Each structure stands twice: as C-alpha cells, then as structure tokens.
Amino acid sequence: MFKRLLFVLLLVLVFGAFTGLAQDEVTIFATVGAYYPDEPTDNNPDPPRMMNEIVAEYEAMNPGVNIELIDTPDNISGDQWRSTVFNGQNEPHIIVNNYIRVWQEQGNDWYVPLNNYIEMPNPYIPEGTPGHERWADAIPDVVWNTTFHTGSGNQYVVTVNAVAVGFYYNIDMLEANGIDAEFDISYSLWQDWATMIDEMGAVAEAGYEPLAMSMSTATPYTYNWFDGTSLTSFYIDHIESWWEPGASWHALNQREFACAIQNGLISANDDAFADWLQLLADFEPMWVDGYATMTWDEAYRLFITGEVPFLLGNAASQTLNVTRDADFNWGISYFPPITETSSPHAANNDSAYLVGGFTAGFTMTDRARREGIEDQVIDFFMYMTAQPQWGRVVTDSPRSIPTQFGLDVPDALKPTVAFLELPIRALKDPDPRLSRRYGEDHRRLMQEYFTGQIDLETLIAEEDRLMTREARVVIAENEWTCDFQME
Amino acid sequence: MFRSATRSSSYSLLHSRAPLPRRLWRAKWLYLALLVPVTLLLLFEWLPAFSALYNSLYIWNGGKVHIYVGLEHYERLLSDRTFRVALSNLVGFVIFRVVMQTVLPFFAAEMIINLRSARWSYWWKIIFVFPMVVPTILNYLIWRFIYNPQVGLLNEGLELLGLDAYTHAWLGDPLTAMWALSFVRFPWLPTLQFLIILGGLQTIPHEVHESASIDGAGFWRRLFYIDIPMTRRQITLAMILTMLFMTQRFDLFLVMTDGGPGYSTMVPALQLFQSAFSFLEFGYASAIGVVLFVGMLALTVINLRVSSGAAAG
C-alpha cells in the first residue's frame with residue numbers, strides 16, 4: 001500500500017514538473033519612448049495606443065510570451081534612469097536609445113551588438129519589401145553609417161525614427177510687431193545668425209521676451225542644441241581630419257573629440273573658441289528670464305499662451321502638441337547658418353546644421369543575454385519594428401519620421417522632412433562630445449558666464465582646464481591611442 | 001495594572017543579581033525580539049554605511065569596473081571646486097535653517113503653552129502639525145510655481161502692489177537662488193522640531209511658572225530664565241535634527257534648481273547624487289558621503305558637548 005502511494009506521489013511530482021516546464025513563460029520588458037500607450041489625461045487627451053495592439057497581436061501569436069511595456073519616469077534624466085536600472089540589473093530587455101548615448105555607454109557591456117542579427121531575414125517584413133531577406137536592408141545605409149560605432153566595430157541600435165529640432169514661431173505675434181515671419185526652406189526664417197539676433201532684439205524692444213528655452217541642468221537639451229550646432233560652424237573646416245581612418249561622414253565620437261583636444265587641434269584658447277563663447281553670450285539676452293532653471297514644459301507654456309513668440313523644441317514630437325494647443329498661426333524654422341557676418345572665424349558655410357537626425361532607435365540589453373532569451377527578445381524586436389507594425393505606430397501617433405523603406409511620413413511631420421536634408425552637425429551636445437561630467441560642468445560654467453559670475457577670461461581658463469582634464473580621463477579610461485589624427 | 005506589572009518584570013530581569021548567563025537566558029525573548037530590528041538595521045543601515053567607506057577607496061562605476069585607488073578620491077575632493085562651492089553653500093543654508101527652524105517652532109510652542117483655552121491650544125497644534133501630511137515634493141512644486149518669473153505668485157503679487165521693479169527670476173539668478181531655496185517652506189515650522197520643543201515646554205511644572213509670576217517675572221524674563229534653560233535638551237535635539245536633515249537634503253535642490261544657475265545652489269548631497277547616478281562615479285560619491293558623515297558626526301558631538309557643558313555650568 002505504502003509503495004503504491006509513493007509511486008502515485010512520484011508520478012504526480014514528475015507530471016507536475018513537466019507541466020511546469022511546458023508552461024514556462026517568458027516575459028520581455030521593453031520601453032518604447034514617446035509611443036508608450038499612456039492613459040488619456042487633460043494634458044494628454046490623445047496618447048498613443050497602437051503599441052497595445054502590437055503587443056496583443058504578438059502575444060496571441062506566441063503563447064507563453066508576455067510583453068511588458070515600461071514607462072520611463074519623466075522626473076529624472078534618461079542617463080540617471082539607465083544607470084539606475086542597469087546597475088540594479090533590472091533593465092528592460094529592449095530600450096529606446098540614442099546611438100550617441102549607446103556609444104558612450106557601450107564600454108559598460110550594457111548592450112548586445114546586433115551585427116549578426118541585422119544580417120538575418122526579418123520574417124515579419126512582407127516578401128518584396130526591403131528587409132525581408134536581410135533585416136538591415138529595411139533601413140537606408142546612411143542611417144546605419146551614422147549609428148555604426150567605429151570604436152568597437154559594432155552596430156548596437158536599430159534606428160527606426162529620425163527627428164529634427166527647430167524654432168516654433170508665432171506668426172500673428174511677429175506680424176503684429178511688424179516683423180516678417182516668412183519661412184523659406186533655403187535660408188530658414190533668418191539668413192544668418194546675426195539677422196536672428198537682430199530680429200529677436202526687435203521683439204525684445206517691443207516689450208516681449210523673445211525665446212522660450214530651457215538651460216536647466218536637469219533638462220538641458222534645448223540649450224545643448226545651440227551649443228553643438230554653433231560650435232560645429234566654427235570648426236567644420238577641420239572636422240574631417242579629426243575622424244578615425246576610413247570613417248565616412250559622421251558626428252564626432254568621444255574618442256575623436258578627446259584626441260582632438262589632446263593633440264591640440266581644438267582648445268578653449270583658440271580665437272575661434274572665444275568667438276564661439278561670445279556668440280552664445282550675445283544670444284543669451286534673447287532667452288526668457290529664468291531659463292537657467294526653467295523646465296521645457298514651463299517654456300512650452302509661455303509659447304502656447306502667447307507670452308513669447310519663439311520656442312525651441314523638437315520639431316517632430318512637439319508638433320502634435322503645438323497643433324493641438326496653439327490658437328494662433330505658427331510655423332517652424334531651423335537654426336540659421338553662422339556666416340562671416342556673425343564671426344570672422346565662422347566657416348562661412350551657407351548651410352545650417354541639423355540637430356537631431358537618426359537618433360531614435362532600439363537596443364537589446366545585456367539582460368536578454370543574462371537570461372538566455374536573446375532569440376525571443378530579437379523576435380519581438382523584429383516584429384515591433386517591421387514596417388507593417390511600425391507604420392501603424394507612427395501613423396497612430398506621428399511623433400517622429402520613420403526611417404524604414406516603404407513607410408510614409410505622416411502629414412503632420414512633412415514640413416520637417418526638409419530639415420533632414422541639412423548636413424548633420426559634426427559636434428553633438430556637450431555630454432556625448434566628451435563625457436557627462438564635461439557636459440554638466442560646461443553648462444554650469446556657461447551659466448556662470450551668462451549670469452555674470454565669471455568673466456570671459458576665467459571662463460576660457462576653466463573651459464581649458466575642464467576640456468584637457470576630461471579628454472585625458474576618457475582616453476585613459478578607455479585605453480585609447482590618439483596617433484591616428486594628423487592635421 | 002498590566003503596564004506596571006510588565007515594567008516591573010523586565011526591570012527585575014535586567015537588574016537582578018543573578019549571574020549574567022542566567023539573566024540573559026531569562027531575558028531571552030526580549031533579546032530575540034530585539035534581534036529582528038537589529039539585524040535589519042545592520043543589513044540596511046550599517047552595512048551600506050560601511051560599504052560606502054570601503055567603496056570610497058575604489059573607482060567603481062556601479063558595475064564591473066572596481067579598481068583600488070586608496071585615498072585618491074579624498075585628495076580629489078580637496079581640489080574639487082564644485083565640492084568647495086557646495087560646502088560653502090551648505091554652511092550658509094544650514095545655519096539659516098537651523099536658526100529659523102529652532103527659533104520659530106520655539107515661539108509657536110510658547111504661544112500654545114500660553115493659551116488659556118485648551119480647545120484653542122488643541123486646534124493650533126493641529127494647524128502646526130498638519131503640514132506634515134503634505135507630500136514634500138508637492139510642496140516644492142508649489143514653491144517652484146510661486147517663484148516662476150513669468151506667472152509666479154510672488155512676481156504677480158509684487159506687480160499688484162505696484163512693485164514691478166522688484167519682480168525677478170528668483171531661481172534663475174545666482175544672487176537670489178539660494179535665498180529663494182532657503183525660504184522654501186516658510187514660515188519654517190517643521191512638525192517634528194515643534195513637537196519636541198512643545199513636549200519640553202509641557203514638562204516644566206506649573207509651579208515654576210506660578211512662582212515666577214508671583215515674583216513679578218514678565219514673558220521675556222520667564223523665557224530667558226526658565227523656559228530656554230529648562231528646554232535646553234529639546235532645543236539641542238531640534239537643532240541637531242535640523243542640521244542633519246538639512247545637510248542630507250538634496251531633493252529640494254534637485255527639484256527646484258538642480259544646483260544652478262552655475263553652482264550657486266549646489267550642495268554636497270546633490271553632488272553625491274550626481275556623481276553616482278549621472279557620472280557613474282560611485283567611488284567618488286562614496287567619498288563625498290563619508291566626508292559628510294564625518295562632518296555631521298563631529299558637529300553633533302560638538303553640539304552635544306557645548307549644550308551639556310552649558311547645562312552643567
């Protein structure tokens with residue numbers, strides 16, 4: 001009797017174990033950035049929803065696979081969020097990422113190189129559509145070349161979206177003050193930087209604060225756009241000689257910029273650098289009071305309530321909001337070129353530079369490898385980004401311009417497509433140029449200069465110390481050599 | 001009845017003349033009950049504190065990079081301009097807040113003690129304690145709105161009074177930013193400090209105040225010769241707590257200004273946070289934490305010594 005009972009018990013245990021194995025479920029966590037299917041609120045009455053459908057379809061096709069979409073907190077920076085989740089080994093398997101950030105962070109082994117995966121067929125892309133035979137073919141080479149990390153020889157990001165930033169302007173307000181608000185794609189709203197300063201000065205004389213923007217070090221991106229694009233104009237003639245050998249046109253990576261400093265190819269003591277600092281200082285009086293601690297939302301509110309005529313923002317994702325909220329005629333322009341009229345050290349290039357570009361993509365994180373579910377994660381990755389799915393996501397909520405072949409640009413974003421024709425700025429935001437420490441200290445130094453706490457001489461001395469130190473540190477940390485740069 | 005029986009039983013256990021092992025055995029449940037909180041304290045308070053000391057000797061990015069560098073981070077702190085500025089900002093901020101958060105709660109408590117109506121006294125206590133339930137972050141966001149240069153209450157109020165010339169970007173100007181942060185939570189009546197001081201004042205026997213009145217002592221004489229000396233321990237505790245809270249405070253600076261403009265509102269706790277979570281320099285952040293800990297400990301000891309010396313004198 002006892003033996004029989006024992007046998008039955010063993011049978012139950014073995015059956016239970018097999019059933020358990022059969023029902024072993026996989027949960028894939030993913031962030032989808034601006035496409036997170038939020039609940040509607042007063043401020044956001046029409047949030048994107050399509051990702052819910054995509055997830056439901058995929059789960060229905062793959063029993064046992066659960067997809068959890070994660071919303072990223074908006075009260076801390078993306079950098080802080082990533083360092084927290086990665087160090088806690090609690091990162092999602094797929095995260096939205098900017099390739100420049102990935103370049104900076106790839107030394108931490110946070111991201112899985114996608115080189116082999118993008119060579120595989122993507123079964124979710126219909127036959128005859130680029131990418132079906134080879135996933136990489138879904139996206140133009142120019143995008144892959146931009147995001148390729150020469151330092152490691154790896155491709156970490158599948159960049160599905162392009163974005164551009166620009167100046168939103170209130171046409172009614174400008175015309176009421178006798179200012180011509182005609183935008184021409186060939187020369188932006190202004191022919192050059194000096195004209196922009198003059199026209200914003202006229203707005204200021206009419207009693208308005210001209211430009212709503214944010215230089216809060218917590219959300220510094222708006223200021224960073226001026227910083228990188230204007231610095232590019234001063235050094236564009238030299239950039240190609242700073243690239244690593246064999247590289248095609250790209251924004252300078254950390255190593256190239258750090259080596260340029262170490263090799264004396266760029267210095268805060270250059271006349272051009274001093275001119276650049278002065279150019280920004282001359283622009284600063286046009287910014288709204290309190291810009292140093294203002295959040296972007298606060299800046300947006302000033303524009304939308306008609307208190308200021310200009311707003312610097314993301315010309316893709318914010319266009320939806322401006323369309324919804326503005327009760328005046330408005331337009332979007334981009335940065336004017338910086339010519340000799342503005343500075344004798346400017347490159348006298350008639351073109352402005354694109355801020356943004358192919359900056360919005362997805363990465364697979366090391367968690368997929370740790371948990372041994374890379375294949376499952378990449379499968380969902382392929383499904384989500386394949387044209388039939390991604391096209392629906394972007395159409396449902398046009399927040400950026402899709403890069404994949406075969407997808408149309410949503411109507412709302414068509415005016416900004418022309419921005420993508422501009423040459424990309426070679427010098428990015430301060431943080432990806434060199435390091436986050438540099439970016440943070442550089443912004444604080446600029447704030448000290450703008451608010452009169454330090455003079456130009458001190459600023460240059462401090463910048464020189466900061467650039468030299470950070471270049472030395474990042475070169476040492478990464479064990480880079482700099483002998484590839486020859487002027 | 002029950003309470004006094006329990007007290008007498010614990011007392012007899014701990015103070016009987018039996019040998020130590022027997023006494024320990026007798027009180028085993030007491031010690032076992034203590035074991036849980038002590039273990040949790042060790043795990044979640046002491047271990048992280050000591051690991052900060054250990055990590056401060058390493059370059060650590062929170063991940064795989066863990067390189068021993070000895071006292072290098074402490075040397076770097078000595079020449080770190082940000083840390084110097086942050087420390088000097090902190091000193092001013094802490095002094096201001098310690099004074100305000102001790103003096104004003106003291107007067108609030110005095111006011112309640114002197115009320116003749118028990119009902120009014122009760123309601124005033126409720127009013128002073130109520131802010132405790134308002135989430136701190138909400139408070140900061142309200143103050144951010146108050147200071148908003150374009151639509152904030154402060155500037156709007158000044159304009160209403162015809163004082164347009166005094167409107168200002170309060171948080172955006174390095175000359176006013178730290179003052180603006182110091183005024184956050186005006187009128188500085190923190191509940192805990194208020195209750196501590198109120199508790200102290202309530203322990204002063206009525207007879208002492210009555211005798212003083214008979215001797216003709218007015219409010220100020222009573223304040224300086226009876227109330228302050230007799231609540232010295234509570235005042236010291238309130239000051240120490242304020243000092244500790246304010247030194248460790250970084251949320252205020254993070255939410256309101258992120259340490260800007262420039263470094264004008266940077267404090268060591270915020271620098272610690274940024275070093276760790278923005279720059280992944282956990283070793284350096286640990287060194288800042290250790291220095292802060294040592295500083296706070298030293299100030300607490302000095303404060304206690306001074307106050308106990310004064311009390312003895």
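Q: In which loop of chain B is the place of Arg185(B)?
A: The structure is a predicted model, in which local features need pLDDT of at least 70, side-chain atom pairs count only at pLDDT 80 or more, and totals for chains, interfaces and linings use all residues. Residues are numbered from 1 along each chain as its sequence is written, while chains are lettered from A and ligands numbered from 1 in the order in which they are written. Helices (DSSP runs of H or I, at least four residues) and strands (E, at least two) are numbered from the N terminus. In this numbering, Arg185(B) is found in the loop between H9 and H10 of chain B.

Q: Does Arg185(B) count as buried or exposed?
A: A residue is buried if 20 or more other C-beta atoms, placed from the backbone, lie within 10 Å of its own, exposed if 12 or fewer, and partly exposed in between. Arg185(B) is not a glycine, yet its phi is positive, about 75 degrees. With 20 C-beta neighbours inside 10 Å, Arg185(B) is classed as buried.

Q: What is the omega of the peptide bond from Phe186(B) to Pro187(B)?
A: Pro187(B) lies in the loop between helix H9 (174–182) and helix H10 (191–202) of chain B. The bond from Phe186(B) to Pro187(B) is cis, with omega near 10 degrees.

Q: Which residue does a cis peptide bond join to Gly260(B)?
A: Most peptide bonds are trans. In the loop between helix H14 (251–256) and helix H15 (268–277) of chain B lies Pro261(B). With omega about -5 degrees, the cis bond joins Gly260(B) to Pro261(B).

Q: How many other C-beta atoms lie within 10 Å of Asp109(A)?
A: Asp109(A) belongs to the loop between H4 and H5 of chain A. Its phi is near 60 degrees, a positive value in a residue other than glycine. Asp109(A) is partly exposed, and the number of other C-beta atoms within 10 Å is 13.

Q: At what angle do helix H5 and helix H13 of chain B pack?
A: Axes are lines fitted to C-alpha atoms, for helices over the stretch in contact, and angles run from 0 to 180 degrees between N-to-C directions. The axes of H5 (residues 81–114) and H13 (residues 232–248) of chain B are 9 Å apart, and the packing angle is about 145 degrees.

Q: How many nonpolar residues has the contact of H5(B) with H13(B)?
A: Two residues are in contact if their C-beta atoms, placed from the backbone, lie within 7 Å. Residues of H5(B) including Phe93(B), Arg97(B) and Phe106(B) meet residues of H13(B), among them Ile235(B) and Met243(B). Ala, Val, Leu, Ile, Met, Phe, Trp, Tyr, Cys and Pro count as nonpolar, Asp, Glu, Lys and Arg as charged, and the others, Gly among them, as polar. By class, the contact has four polar residues, one charged residue and, as nonpolar residues, eleven.

Q: How far apart do the C-alpha centres of domain 1 and domain 2 of chain A lie?
A: The bounds, from an automatic or database domain assignment, are 27–156 + 356–417 for domain 1 of chain A and 164–354 + 425–478 for domain 2 of chain A. The distance between their C-alpha centres is 28 Å.

Q: How many residues of chain A are in contact with chain B?
A: Chain B takes part with 23 residues, and chain A with 25. The chain B side divides into nine nonpolar, twelve polar and two charged residues.
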